[in-house]
Amino acid sequence: MPDLLHISASPRGEDSQSLRLAATFLDTYRSLHPDADIDEWDLWDGSLPAFGPAAARAKMTVFGGGTPQGEEAEAWAAAKAAFARFDAADRLLFSVPMWNSGVPYVLKQFVDVVSQPGWIFGVDPVAGYRHLLEDRGKRAAVIYTSAVWAPGLGREFGADFQSPFFTGWLNWTGIDDVTEIRFHPTLTGDADDLGRIAAEAARDTAKTF
């Protein structure tokens, strides 16, 4: 079981601002926890399964109280393996760049793969959703970056559907201990100063994570 899982939704490697901040976070965390087992999951590496027709049928089979069979069972098992990797760590770090006001599609794919009945949520016809990761001591840090949108700018610079969606999803799973680390330099902002502030926030968060 890893001590910390870093999930990256950025495909830009060394050019990625979110991954640079993640590296700062992880360097600090490792310096304080030299024996820590850290799992690095690049969502672009091909290990994340698709959630297509067979998986969708499997989900509805489970909802109906049945057991997936055949192709459905294979798709369900692949999704369960992805969830197990996500669920194995109590400390979660996410690198999330903004794409078109939202999150990269591969991160939405991750959410759709692991958000299954009996794993992430339950549903009561009267009380509604049950959040199955609640009260399990899980913590998350999310690095949000963008190049055009920034807090305080007008709608002509876009909108933030990035953090409301993803932090909202984490809260929906039952993970309420979420720290946001932000870097939004905008096209004309002072990227160097804002980068130093974001890096310091990453280090400070890692120190108490």
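Reader: Among contacts in the protein between residues at least 6 apart in sequence, what percentage join residues at least 24 apart?

Author: Good place to start! This is a predicted model, where local features need pLDDT of at least 70 and side-chain atom pairs count only at pLDDT 80 or more, while totals for chains, interfaces and linings use all residues. Residues are numbered from 1 along each chain as its sequence is written, and side-chain values use heavy atoms, with hydrogens and water left out. A contact means heavy atoms within 4.5 Å. Among contacts between residues at least 6 apart, the share joining residues at least 24 apart is 74%.

Reader: In what order do the elements run from the N terminus on?

Author: Helices (H or I, at least four residues) and strands (E, at least two) are DSSP runs, numbered from the N terminus. The protein has six helices and seven strands. Starting at the N terminus, the order is β-α-β-α-α-β-α-β-β-β-α-β-α.

Reader: Why is the protein said to be as compact as a globular protein of that length?

Author: The radius of gyration is taken over C-alpha atoms, and the globule rule is 2.2 Å times the number of residues to the power 0.38. For 209 residues that rule gives 17 Å, and the protein is close to it, so it is as compact as a globular protein of that length, with a radius of gyration of 18 Å.

Reader: Is T173 buried or exposed?

Author: Let's find T173 first: it sits in helix α5, residues 162–173. Buried means under 20% relative accessible area, exposed over 50%, and partly exposed in between (1.4 Å probe, protein chains only). T173 has 0% relative accessibility, so it counts as buried.

Reader: Which residues is T173 in contact with, leaving aside its neighbours within four places in sequence?

Author: I38 is 135 residues from T173 in sequence and 22 Å away in space, C-alpha to C-alpha. With those neighbours set aside, the contacts of T173 are I120, H131, L132, L133 and E134.

Reader: Which residue's backbone oxygen lies 2.6 Å from a polar atom of the side chain of T173?

Author: A polar atom of the T173 side chain lies 3.4 Å from the backbone nitrogen of I175. For the backbone oxygen at 2.6 Å from a polar atom of that side chain, the residue is L170.

Technical notes: A polar contact is a pair of N or O atoms within 3.5 Å; within protein, one must be able to donate a hydrogen and the other to accept it, and residues adjacent in sequence count only if both atoms are side-chain atoms.
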